[in-house]
Amino acid sequence: MTAVDLTLSERRARPAGRANWLTVPVILGLIVCAGWLVIALTIPLWSPYDPLATSGLPLLPPGAQHLLGTDALGRDVLARTLYGARASLPLAFAVIAGGVTIGCLLGGLAGFFGGWPDGILMRLTDVTLAFPAILLAMVMTAALGPGLFHAGIAMVIVWWPIYARLLRAQILSVKEQAHVEAAVAAGVGRSRLMRVHILPLAITPVLVNATMDLGQVVLLAAGLSFIGLGANPPTPEWGLMINDGTIHFYQWWVALGPGLAILSLVLAFNFVGDGVRDLLDVRTPGRSP
Amino acid sequence: MSSYVVRRVAAMPALLLAVVTVTFLITRLIPASPLTSILGPRALTDPSAVAAAKEHWGLNGPLIGQYWHYLDNMLHGDFGTSFVTKNNVATDLGVRLPATLELMTAAIIVAVIGGIGIGVLVATRQNKLTDHAGRFFALVGSSTPVFWSGLVLLLFLSTRWHLFPGPGRLDSRSLPPPRYTGFFVIDTLLAGDFSLCWQAVRHLMLPAFVLGWGVMGTVSRIVRASMLDVLNQDYIRTARAKGVRERTVVLKHALRNALLPALTIVGFSVAFLITGAVLVEQIFSWPGIGSYAVTAAESLDFPAIMGVTIVGGAAFLIASLVTDLAYAVADPQIRLS
């Protein structure tokens, strides 16, 4: 292969550079995410209806008074949908933050020191990853009792091994790079080596994956609530509201708001995740629990 | 390569034992008492009823003893008696597992056919309207909660427009076919009842689509990426230069190379399919192990929860093993590690 061929194929292999990460879907995703964030933060200030109180006749179809109708207890579906963001968004961020923190701490130690701590950690992740996510979460929430907080704990336990393994693998590969060797030769201390020379390079894929996983957490949390293992009634929570929709099957509007809410938020998270991946220019194989 | 296989297969029993142990510990160390769900709140105040129930369900004695007891029984195919159905858990699971497997198989077929179709369509019409529409359709599938899309499709396609039958594996008036495999589509054929077979297929369509739609996005992404990769290769240019028809170039030369990654990604999606099946079964009243698991978790039916988790964990481990091995065969780079 000649030099020209080489550059050509290199360019072909990396079509997305830093320059064009801000595509239309990414911008849309950012706007929707920001919108939900603003709603979650400010909804109590401007919501015309109380999400927990009866504000009209039960099961009213959408109309001027209630844009998305009312549920079986006469509560405004739109207000409950918007309030639902106050359950889903903090939960998603908390689960990912918890998973990334625990995962990076343990994965970082294992990757950096190797030896028996590494062995123990890898077996631990093997066992955790051997459970299908929903079954582990179901066992955990059944044991701890239903509730969003317990569902959150269960999901952190489901997610941390993924980040631990990812960071460990990254550290192992960065450790082999020439600049680390040079730093060691120059007499850089272990903690500085880790902080300055290894971690900044190794952590990028973890952050990208974490962004992409936000949507998955929203979906799983809603799923757990849907089967009665997440939020407790009367919390305005999307999965729980869709469960109401299955009971009042013919009143389609009961489940419409929460369904669209989940869809829009997860789509937006996915779009933003794609953007972050292109921005940081990492290639990770598709993987979700 | 062979040492990799040996290592992976050898790790299986250890991982299964770990799954059993972890499940056992979680269900035994928890604050919530299973006695509540066995006896009901009123009988809990009666000490003799409590003692009898503890005796009967093996909740007495030290934890380690209970653990050995459980392992020993399990190795003899006895997962204990469900607190709720009062049946042996292994029997319950045996009855319900085929329903779930039939649903998941159908979903995988939907995902592979749909994913490859969209992937090819999208790769050959890059950046045109079809490209964007196809990718968006696939992305919506993986961003929609299955329990909501199932609900919406059931309401409109089944109840309003009568295009598909309602929930369940068969119409409520139909009797299930004699049981050979537990797959209704196959059992009805074996019984020679073609109209019942068609009914079973029609009942499968909606839930299988809802479940498969989520994986379709992943499959189509992989197919699209590998198709684009392949279509830029020199031998494709050669084929075109020789005057091979575009159809043949795409479907024969390019797609063949894009198929293997598509199939392995389905293996990686098994976890998603298990999660999805639990939720889809709820919506479609599908009598599989997913709905069994939900009932068990709600009523703290420990033997049933453990049985489902162990069977699910085993299925997941086997699927991961098969996928990893298939992946190693397909991609020589993996073999090194």
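Which residues lie nearest the centre of the largest cavity? In this predicted model, they are Gln216(A), Leu219(A), Leu220(A), Phe272(B) and Thr275(B), which belong to a lining of 17 residues. Chain A and chain B bury about 3800 Å² between them, and the structure holds three cavities of 30 Å³ or more.

**Extent of the interface**

- On the side of chain A, 43 residues are in contact with 45 residues of chain B.
- Carbon and sulfur atoms give 80% of the area of about 3800 Å² that is buried between chain A and chain B.
- Within chain A, the residues that lose the most area to chain B are Phe131(A), Val139(A) and Phe249(A), and together they account for 14% of what that side buries.

**Polar and charged links across the interface**

- One salt bridge is found across the interface of chain A and chain B.
- This salt bridge joins the side chains of Asp274(A) and Arg221(B), with an N to O distance of 3.2 Å.

**Make-up of the chain A side**

- Two or more residues each come from helix H4 (115-129), helix H5 (133-144), helix H9 (204-226), helix H10 (238-247) and helix H11 (253-280) of chain A.
- H11(A) gives the most to the side of chain A that touches chain B, supplying 12 residues.
- By class, this side of chain A comprises 32 nonpolar, seven polar and four charged residues.

**The largest cavity**

- The space in the largest cavity amounts to about 230 Å³.
- Its lining draws at least two residues from each of H9 of chain A and, in chain B, helix H6 (129-143), helix H7 (146-160) and helix H12 (270-283).
- H12(B) gives the most to this lining, with four residues.
- The lining of the largest cavity has 10 nonpolar residues, seven polar residues and no charged residues.

**The second largest cavity**

- The second largest cavity has a volume of about 50 Å³.
- Chain A lines the second largest cavity with Leu135(A), Met138(A) and Val139(A), while chain B lines it with Ala293(B), Ala297(B), Ile305(B), Val308(B) and Thr309(B).
- H5 of chain A gives two or more residues to this lining, as do helix H13 (289-298) and helix H14 (302-330) of chain B.
- Seven nonpolar residues and one polar residue make up the lining of the second largest cavity, with no charged residues.
- Val139(A) lines the second largest cavity and is also one of the three chain A residues that lose the most area to chain B.

How values were computed: Residues are numbered from 1 along each chain as its sequence is written. Chains are lettered from A and ligands numbered from 1 in the order in which they are written. This is a predicted model: local features need pLDDT of at least 70, side-chain atom pairs count only at pLDDT 80 or more; totals for chains, interfaces and linings use all residues. Side-chain values use heavy atoms; hydrogens and water are left out. Contact means heavy atoms within 4.5 Å. Buried area is the accessible area (1.4 Å probe) that two parts lose on being put together, summed over both. A salt bridge is a side-chain nitrogen of Lys or Arg within 4 Å of a carboxyl oxygen of Asp or Glu. Ala, Val, Leu, Ile, Met, Phe, Trp, Tyr, Cys and Pro count as nonpolar, Asp, Glu, Lys and Arg as charged, and the others, Gly among them, as polar. On a 1 Å grid over the protein atoms alone, a cavity is a set of points where a 1.4 Å probe fits but cannot get out, and a pocket is an open set with protein on both sides within 12 Å along at least five of seven lines; lining residues have an atom within 4 Å of a point. Grid points are joined across faces, edges and corners, and a volume is the space filled by probe spheres set on the points.
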